[in-house]
Amino acid sequence: MTTTVQTPRRAPGGGERQNAPLMRRLAAGLLLDLIAIGRGDVDMVDTLLASAIIQANVQEIVRRADLQVSFAAEAEMPPDEMRRPVTMNAVASSLNLPFETVRRRINRMAADGFCRFVEGGVIVPSAVLADPQYAVDAFRGYERMRAGYYRMSELGLVGELPPPTVELAADSFPIRAVARLFGTYVLRVVESLARVGDLIDAMVMLEIYRANVENLPPGAARAGDGDRGDDVADDGLRRAVASSTVATRLGLPSETVRRRTLALSARGACQRVRGGLIVPGEVLAQGPLGVALAANAAQLQRLF
């Protein structure tokens with residue numbers, strides 16, 4: 001027996017463009033939450049390296065609906081021979097990381113048994129992805145994405161979803177198919193963050209921005225801003241965040257984040273105020289972070 005995949009629906013709305021600043025704000029929080037869920041207690045850079053390898057390995061599956069359905073449920077993993085190896089150079093390029101950093105970290109991950117070198121590059125084998133914790137994290141990511149969708153839908157930020165295109169067994173939950181789509185989305189956005197700086201600088205900037213605006217009500221977006229990035233009228237409304245908090249949220253060493261934020265402040269990319277750090281509205285309106293935030297929102301719409 002099969003059942004059509006059901007998706008939440010709402011009537012098409014015209015407010016997406018007018019509420020673009022709010023959409024950017026919520027999309028940034030969702031992206032960082034998905035990365036944090038995938039990270040667990042692991043270093044953020046290692047987490048994104050692992051995700052880049054896994055996603056490169058399964059790109060053929062992601063592109064084909066029939067394979068996505070065939071390998072959708074928790075127990076249905078593609079065999080290792082279907083995984084396309086990826087080179088370390090390709091991983092470094094996609095994440096905007098130095099090759100030597102990637103080489104060193106992947107070699108360590110291989111020594112720990114997380115990934116394996118094969119002809120043509122590196123793969124994360126099925127045995128690793130069979131870990132029950134993977135399914136737990138994948139379901140947590142699904143629940144966070146679903147909650148984010150409903151919130152954005154209630155605020156009129158997303159349009160009507162397309163109708164279902166496949167049918168799944170009534171007792172099937174496509175946790176692995178969903179996780180592959182999440183992974184593709186996250187990596188597309190990470191690649192777009194290259195305009196902000198290297199991977200760590202970009203993630204630090206993104207986390208500062210998220211912390212500055214996450215507790216603001218929806219109405220705090222400046223009316224009439226359209227597609228500008230300064231989605232808070234007054235910098236005084238931004239809640240400053242300590243570099244130690246940024247480090248904890250990203251799973252990075254405190255000293256690394258402290259050193260990075262000093263350099264970012266010196267460049268004018270963020271600003272030190274009483275209580276910590278903010279990304280000023282002027283930086284969002286005129287700098288590359290605002291462009292990256294808009295790209296994230298667009299990729300999220302694409303995922304939905």
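Helix axes here are lines fitted to C-alpha atoms, over the stretch in contact, and the angle between two of them runs from 0 to 180 degrees between N-to-C directions. Keep that in mind for the first stop, and remember that this is a predicted model.

**Stop 1: two helices.** Select residues 44-57, which is helix 2, and residues 88-95, which is helix 5. Their axes come within 10 Å and cross at roughly 120°. Angles from 65 to 115 degrees would be roughly perpendicular and those over 145 roughly antiparallel, so helix 2 is oblique to helix 5. The crossing is right-handed.

Now show side chains. From helix 2, pick Leu 48, Leu 49, Ala 52 and Ile 53; they meet Val 91, Ser 94 and Leu 95 of helix 5. That contact is made up of six nonpolar residues, one polar and no charged.

**Stop 2: the largest nonpolar core.** Stay on Leu 95: along with Val 204, Met 205, Val 279 and Leu 289, it touches the most other members of this 76-residue core. Next, colour residues 199-213, helix 10, which gives the most to the core, with 11 residues.

Then centre on Val 279. Beyond its neighbours within four places in sequence, its contacts include Met 205, Ile 208, Tyr 209, Arg 238 and Leu 289.

**Stop 3: Thr 261.** Go to helix 12, residues 254-267, and find Thr 261. Is it buried or exposed? Buried, because its relative accessibility is 0%. Leaving out neighbours within four places in sequence, Thr 261 contacts Val 204, Ile 208, Ser 243, Cys 270, Arg 272 and Leu 277.

How values were computed
Residues are numbered from 1 along each chain as its sequence is written. This is a predicted model: local features need pLDDT of at least 70, side-chain atom pairs count only at pLDDT 80 or more; totals for chains, interfaces and linings use all residues. Side-chain values use heavy atoms; hydrogens and water are left out. Helices (H or I, at least four residues) and strands (E, at least two) are DSSP runs, numbered from the N terminus. Angles under 35 degrees count as roughly parallel, over 145 as roughly antiparallel, 65 to 115 as roughly perpendicular and the rest as oblique. A crossing is left-handed if the near helix is turned anticlockwise from the far one by less than a right angle, and right-handed if clockwise. Contact means heavy atoms within 4.5 Å. Ala, Val, Leu, Ile, Met, Phe, Trp, Tyr, Cys and Pro count as nonpolar, Asp, Glu, Lys and Arg as charged, and the others, Gly among them, as polar. A nonpolar core is a set of buried Ala, Val, Leu, Ile, Met, Phe, Trp, Tyr and Cys residues joined through side-chain atoms within 4.5 Å. Buried means under 20% relative accessible area, exposed over 50%, partly exposed in between (1.4 Å probe, protein chains only).
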